Every structure is written in C-alpha cells, then in structure tokens.
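Student: Before we label anything, I want to see the model. Then I will ask what stands behind each label.

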Amino acid sequence: MTIVILLALSLAAAAMTTATAATAASFSIELIHRDSPKSPFYNHSATSVDRARASIYRSAHQARQIAARVQRKSVIEPSDAVSRLFPDTFEYLMELRVGTPPLSILAVVGTGSDLTWANCVPCTKCYRQTAPLFDPRKSSSYRTLPCTSNLCKAFSGSSCGEGISCEYHYAYQDGSNIDGVIATEDLTFDSSAGSPLVFSNIAFGCNSQSSGSFSSRAAGMAGLGGGPASLVSQIVPSLDKKYFSYCLVPKSDTQASSKVIFGSAGVVAGSTVTTPMTVEDSFFVLRLEEIIVDGAGSVPVPPSAPGLKTGNMIIDSSTTLNYLPTGVLSSLVEQVSKVVSLPKATDPEGVMPLCFTVTGESDRQKLPFITFKFAGEASLRLSPTIIFMDELSFGGNVVCLAVANSGSGLPIFGNLAQQNLHVGYDLDIPAVTFVSADCAQL
Ligand SMILES: *[C@@H]1O[C@H](CO)[C@@H](O)[C@H](O)[C@H]1NC(C)=O
C-alpha cells in the first residue's frame, strides 16, 4: 500500500510540477503563532489562561471539522468532498510573497489543505480585509491555469469555468466559502544563501468571492497539506532534497519564532527516530503502536482507525491537543491515574478527560513522562510539560493530560506534543523523523 501511494504521488508530481527555482537550494520561513506579539491576532489583554482555553476550544473545533470531513468522505465521492477545515481554527500564520513584483500576503497556515489562495481584485463579494487585495493585473507572472491541465485536476472541488479557466468553489464546514479561479504565480522566498528564491508556476487560487468566518487580519491561506497540489508538493521537487521540517517553540516563549525549513538544510539530525509516513486526503498519516506511561503499564493501540487506510493517526501542527480513540484513551487515563496521586480536577472546557489539581512545583513533579511509540521503533518520550497542559485555571493550579477523545473522527498527534521537537518529512521515502531540539536556537 505504501509503495502504491508513493508511486502515485511521485508520478503525479512529475507530471504536474513545472515549478522552477533559480537555484535548487534550501530556505526557511517563520511560522508566526497567532498568539505571539508579532501576530495581528495578538490580544495584549488576554492572559495565558485565556489563551490556553481558546486554544483548547479551537482544537476541539478543528477535530470536529476533521471528523465531519472524514464522515462525509465515506458516504460520497471524494471529488465532491469539498468540506474544508474551519478557517478560524488555525494556529500559525506565514508570509507569502506572491507575483511580480511580489505582494506580501499574511496567510493562515492550512494543514490538511492544498489550495494556496488570496482575495483578488476584483472581489465582488469578499470578506473585509485590512491588507490590500492581490491585483492580478499588476503582476507580470500571473497566468490563468487551463482547466484541462493536470494541475487543475489535482484539486478536488475544481471545475471548468467559462473560457476554460480552472475554477473552484470550496464550502468550509462552518458555512464559510470561497470561489475563484486557479492561476499560476511566482512565489518568492528568502534563501539561507541570501538572494531570494523565486518559484514559478505555483498554483494559486485567486478569490473573487469569500464569506464566512474569515478574519479581516488574514489575507489568504498557505496550503501546507500533503496532497499533490499543495504548496509543499509543488515546491520540494525543485529543491536539493524533497524534504521539509518544522520546529515549534513552546507557546510560553513569546519572543522566539517557530520555523519551517524546505530542502536539505532542514534535514533532522542527531539522535533521531524515524517512522514511515503516508499521505491520505492531504493529511500526513503515521502508525502509533503503543503508549507507555512511566511507572505504569503500556497501552496497545489498534493498527487501524476508521477513516484511515494506511495508518491510525494523523500528525497535525494546526491542532493543539492530541486525540485518541475512546478505548485507547480510557486505558491511558487508567494507567496515568494509577501513578499520579494528586486530587482529580475538571477541565474547565470539558474537552480533556483527565485533570489534576497541583499546588506547587513538587506536585508537578508527580506527573509521569509518557512515551508514544510509533512504527519502526520510533519512541517519543514526552515530558510532563509537553503531554500535560498547564495554566488552565486562574492561579494555574489545574493541569490536564493533553489528550482528548477522537470519537468518530481521526486520532491526531497535535502541536503541543511537538513543541521543541524538530520534525522532518522526507517525501521521497516517505517517512517522518523526530529529534529533540531547542527550537528557539534552530
Ligand atoms: C482580548 O482578550 C480579552 C480578555 O480575555 C477579551 O475580553 C477580549 O474580548 C479579547 N479581544 C479580542 C479582540 O478578541
């Protein structure tokens, strides 16, 4: 199965990708967390408790969107499955420079999304945005994409419009939607070598209509999913290595920035562990085998999960919490309860089933390390500061196991568990490699 998917992906990439960069080098982009002072979403009057709670709320929303998408997909043809993830559950933003001369666009990072888009002139019915709209007439590199092209066909939800242009209509789960034409454009990034790297002929959705819960502070979306037409899949073939990695700084560090690195400069090195990876419905899929609680027993994980064909868990940087199936979660809660002798508490948001009251640092030290063991002997021993979520109450005395129930949705390895890990995606093997890192220093 893995081989079939790999072949299909590389054939698709070979057939469609005409992206070219001036030189086949590496480059990195800053990932701006929505709650960092650099973000236009930064709210200086919010407390860390407000932020933690809001992130749990978004996480629950994101998991529900993923569940709804999986359920819908199982009853109708994949090509009709146009329900996308709720736009406002995003966690990170990144700057895209689109066109010639480049216009800087602050885009929401969409994991599980392929299309990269912005609101364009003329936007007959678009949500109000603070930044200027992208004007195709002012860009010499803008080309509409023929709907007969393979690149157009690679987007589910695309269709032939008048004059054979490639059109899309995406309805997001919460009722938001976008309409427009897919063009190809030049994208410019700063390379580590200094001079900018220009990637030509990258598929780019130009919205003529957009409505719903989009924020006026974001001007587009960067499709960092794993599908053949995502930004990642279009860029990596012209780099020195089909590889990208990211390193997420802990949320408590508001000064340092997280980043995503494309090409060989991002290769994860040191005492690494590697696990096979597949792509399904533009999600990156892993196989979790077992969870081991220090001082207690191990929790086996069924090899398959409803809604996934090739593994049992997706790895996602846009979901804060981890999500596990009901049976696995209840065994995990049982094992953790065995070793933690602290008074139980309740998650104020009602999302995480196991919480404790802590009264000081010595209580925090009673929380165990928990190892997530992925296929291929890839064990990640997660420290209590990462697998438990803190600052959930005023006074900071409630901590919860950062795991929620995936119910009928997909199990998710979320971004809290990935803090201070350098996570590399080798799209050739394909596999994901992890190593502990100080992401602020990377
Ligand atoms: C900022 O945070 C405060 C405190 O949580 C909240 O009352 C307010 O509504 C927030 N403002 C915005 C614009 O989200």
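**Rings, strands and a ligand**

Tutor: Start with Phe189, which has 4% relative accessibility and so counts as buried. Keep in mind that this is a predicted model.

Student: Why is Phe189 called buried?

Tutor: Buried means under 20% relative accessible area. Phe189 has 4%, so the label buried applies.

Student: What makes Phe27 buried or exposed?

Tutor: Its relative accessibility is 1%, so Phe27 is buried by the cut-off of under 20%.

Student: How many aromatic pairs does the whole structure hold?

Tutor: A search finds 16 of them. One is Phe27 with Phe189.

Student: Why is the pair of Phe27 and Phe189 called stacked?

Tutor: Take the distance, then the angle. The ring centres are 4.6 Å apart, and a pair needs them within 6.5 Å. The planes meet at 25°, and under 30 degrees counts as stacked, so this pair is stacked.

Student: Which parts of the chain does that pair link?

Tutor: Distant ones. Phe27 lies in strand E1 (residues 27–33) and Phe189 in strand E9, 162 residues apart.

Student: What makes the pair of Tyr246 and Tyr425 tilted?

Tutor: The centres are 5.6 Å apart, within the 6.5 Å limit, so the rings pair. The planes are 40° apart. Stacked needs under 30 degrees and edge-to-face over 60, so 40° is tilted.

Student: Why does the pair of Tyr246 and Tyr425 tie together separate parts of the sequence?

Tutor: Tyr246 belongs to strand E12 (residues 243–247), and Tyr425 to strand E29 (residues 421–426). The parts are 179 residues apart in sequence, so the pair ties them together. Both tyrosines, Tyr246 and Tyr425, are buried.

Student: Which residues form one aromatic cluster?

Tutor: The cluster consists of Phe27, Phe189, Phe199, Phe244, Tyr246, Phe262, Phe284 and Tyr425.

Student: Which sense does the pairing of E6 and E9 have?

Tutor: Antiparallel, over two bridges, with E6 at residues 143–144. Thr144 is bridged to Ala183 in E9.

Student: How many bridges join E8 to E9?

Tutor: Six, and the two strands run antiparallel. There, Tyr168 has Gly180 as its partner in E9.

Student: And how many bridges link E9 and E10?

Tutor: E9 and E10 (residues 196–211) pair over 13 bridges, again in the antiparallel sense. Opposite Leu187 is Phe199 in E10.

Student: What makes Arg34 count as sitting over the ring of Phe90?

Tutor: Its charged end sits over that ring, 4.3 Å from the centre. The distance limit is within 6 Å. Arg381 lies over the face of Phe369, at 4.0 Å from the ring centre.

Student: Now the ligand. Which residues surround the ligand?

Tutor: Asn43, Ser45, Ala46 and Asp50.

Student: How much of the ligand does the protein cover?

Tutor: The protein covers 34% of the 360 Å² of accessible area that the ligand has on its own.

Technical notes
Residues numbered from 1 in each chain as written. Predicted model: local features only at pLDDT ≥ 70, side-chain atom pairs only at ≥ 80, totals over all residues. Heavy atoms only, no water. Pairing = 2+ DSSP bridges. Helix = DSSP H or I, 4+ residues; strand = E, 2+ residues; numbered from the N terminus. Phe/Tyr/Trp six-rings, centres within 6.5 Å; stacked < 30°, edge-to-face > 60°. Buried < 20%, exposed > 50% of the residue type's maximum accessible area, 1.4 Å probe, protein only. Lys NZ or Arg CZ within 6 Å of the ring centre and 35° of its normal. Near = heavy atom within 4 Å. Areas by Shrake-Rupley, 256 points an atom, 1.4 Å probe, with all protein chains shown as cover.
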